[in-house]
Amino acid sequence: MDHLPVAVRSALRRLARRLAVGVFLDVWPPWAVGSLLLAGVVALVCRLLVPAAAPVLAWLWLAPILAALPALALCALRAYRPEQVLAIADSLSGGHGLLLALAERRDTSWSASPLLERIAALPMPRLQPLRRLSILVPALAFLWAALLLPQREAPRAAQAVLADQVVNELAATIVALKTNDLITPEEEKKLEEELERVRKSASERVDSSSWEAADALKERVAADVAEKRDALKWAQESLARYAAAAQAGANDPAGEVAAAGEGAELMKALSKLAESGMLSNAPASLKALAAGRVALPADAESLRRLQSTLAEFLGEQSEKFGDLAALGKEFGRFDPAEFPLESGSTGFDGDANPGNGGVSRGRADAPLTWGREALPFDRFKAQPLPPGHVRNPDDWAPMVVMPGTPSEQPQSSATGAARTYAAGAGQEAWRRTLAPRHQSAVRKYFEK
Amino acid sequence: MPNESETLQSPGTVADAQASIGRLVGELRRVILGKEQTIDEVVAALLARGHVLLEGLPGLGKTELVKALSRALSLGFRRIQFTPDLLPTDITGSHILQERDGRKDFTFHPGPVFTNLLLADEINRASPKTQAALLEAMQERRVTTFGETRELPAPFFVMATQNPIELEGTYPLPEAQLDRFMFKVEISGVERPVLEEILLTRVHGEPPALEPVLAPHDLGALFAAVDAVHMPRAVASYIARLVAASHPSSAESPEAVRTFVKYGSSPRGAIAIGAASRGMALLRGKPNVGFDEVRRVAAPALAHRLVLDYAAKLEGWDGRRVVAALLESVPEVERGLPQTLAAR
């Protein structure tokens, strides 16, 4: 087309570009709609089934841009050929055919024709993108709605949930102990390993042994804590006794001997505390004393300072153990205080009839208790039992009223007896004595 | 087939041809007032060497147009008034037994068909046998009688007229014969200003005297110029698609064609459009055919070639209306604008 006037060639180039844009806008929207719908479906599936994909779902908005790649390839295949551009240009300029003729014959003698000037001033076809792009709106809305859906967490396996339930309480206990500095890092690591072992075992199979393993671990933790508390008590008492003995021994030689004995007891108690890791946060002087690197001070002033320091430290530790009472509840232990006896007339089941059974052990979701086990440091303490209770004979209800005198020969079975006596007395005899709600069960039993 | 390496006719050649045609058209317009389009169509068909069927009510200047054409072209002119008792030999001529030099022999006496421009007035009043006598003459431009074939003088044109009313005792032209007319030109009535002009300029309705404006060799040059008019491939494609769409079985045919057309145009229709549009292009001073010329000549070239069914008559559809529907539905370019683009 080099023989055509420059202005005409320029107009043709502009028209070719406009046509290329038009072809793209024809081709791309269906692809974009398809990609958006596909992205919407992917988003929907990920929202429902693949929680891990949630962070990358926003990238699905790029789907229409990706769809532009095949659309562009298709546009290249469907691009207008030069002769088609010429024909459209000629048609748009009035259909005179001169442009087509000049292109085919490569003639320049007509270059000055007014018809060609009209083609040079060819009004470009108007782009109407909204007409085609409007089909994107529903697809965009679909993807938007799919992305707006809340991410659904994958339902965990029932075993895993149960396994978590088995160890949750214990895990919380360990965290609480750590918060209160009542366990050493070594103990914590060991407990974590044990906990993981129980969890793993429970996730494979949950049965009574899983709960028992968790309970055993709880018991062990509780025992350890009780041991530390005992050691603390021991240390406090030893300190008090040593202080009293030291004060008495200041003026009495016999008292000095006693003070030495109490001092040795105190050292043992401190060693015990150190073994249990309770002195990890203690002042350096106390640690040295517990390690035996420093002897107990002999002078009153030093002794008083030591007593003060030790008392302060033990007091702090005691406060921590005071918080442990709540921890004990978390262990699921039975606390009699939660079930107070009413002036000694009510039993543990709340119906004032100990041994009568019942379901009044608290709410259904309350932790089960297994008796009145004492905490380790409360062992062997006397516990008042609830008063006994004699049942009222009027509470008894006859099941069967046998006519006549009792037989001397016991029946071989209740069924046989019922048959024997029912045949003679008629069915009215036992019907009178049974509550209506029990009749069907009894009838079924005797009709076997 | 034109060579693609050939150049177009020079602007000067085309301008000369257009001037010659302009003189002819000018003379015809002096005689027939207010019928510019009809005159253009007749001249285009003449330049394409096609036969024309003029249809219109009496008194609209059909015969006068042909007579004016013959005078302006200084061609041989004969007129046959078709009547029911007209015989084929009255057209083609016949052998008459004559005695010459003591011998009796059959001598051929040429009929009125042996001329350049034949006016077949009220052609539908003759019997089909007589109408058929024109078939060979129109298509082959020769006449065969008594086993002897005689060439008709060149150029040879048949300008037939017919009256669309007073159909009693007439014989409608068969489709085969209609197909041999390049154009069927419908002549409509004149408007009031034209009537006033006629009254003011024509005493007793006599047309002004005409002088020949084109010698036979000028006409030959014009024919050569018409043949040299270039038809671009896209325009040829448009003609082909138009004609193909005139068949109701075509996938591209519009609803009107599928509903009202029984048989579409023959390939002769496409040839007629191509030839006539070349003539029309030269008439307009163009070295090539454009879509515009095709649209201009489509109706007179195609309308009489469509065989309409009775539904069309009941619904008031005629050939021209169907062609208009065709032109509306078939795009000029095979591949139009994308959907997102609209022409301004």
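Begin by selecting residues 126-127 of chain A and residues 341-342 of chain B. Strand S1 of chain A is joined there to strand S12 of chain B by 2 bridges, and the two run antiparallel. Strands count as paired if DSSP finds at least two bridges between them; strands (E, at least two residues) and helices (H or I, at least four) are DSSP runs, numbered from the N terminus. Within this pair, A:Arg126 has B:Ala342 as its bridge partner.

This is a predicted model, in which local features need pLDDT of at least 70 and side-chain atom pairs count only at pLDDT 80 or more, while totals for chains, interfaces and linings use all residues. Residues are numbered from 1 along each chain as its sequence is written, and chains are lettered from A and ligands numbered from 1 in the order in which they are written.

Next, display both chains together. In total, 29 residues of chain B are in contact with 31 residues of chain A; contact requires C-beta atoms, placed from the backbone, to lie within 7 Å. Helix H9 (233-245), helix H12 (291-302) and strand S12 of chain B each give two or more residues to the side that touches chain A. H9(B) gives the most, with 3 residues.

Now select residues 183-187 of chain B, which form strand S9. This strand is largely enclosed by the rest of the structure because 5 of its 5 residues are buried. A residue is buried if 20 or more other C-beta atoms lie within 10 Å of its own, exposed if 12 or fewer, and partly exposed in between, with C-beta atoms placed from the backbone. In a regular strand, side chains alternate between the two faces of the sheet. On one side of S9(B) are B:Phe183, B:Val185 and B:Ile187, and on the other B:Lys184 and B:Glu186. B:Gly56 stands opposite B:Ile187.

Proceed to the loop between strands S7 (148-151) and S8 (157-162) of chain B, where B:Pro155 is placed. A cis peptide bond, with omega about -5°, joins B:Ala154 to B:Pro155.

Finally, select B:Glu122, in the loop between strand S5 (117-121) and helix H5 (128-140) of chain B. Its phi is positive, about 50°, although the residue is not a glycine. B:Glu122 is partly exposed, with 19 other C-beta atoms within 10 Å.

How values were computed
Two residues are in contact if their C-beta atoms, placed from the backbone, lie within 7 Å.
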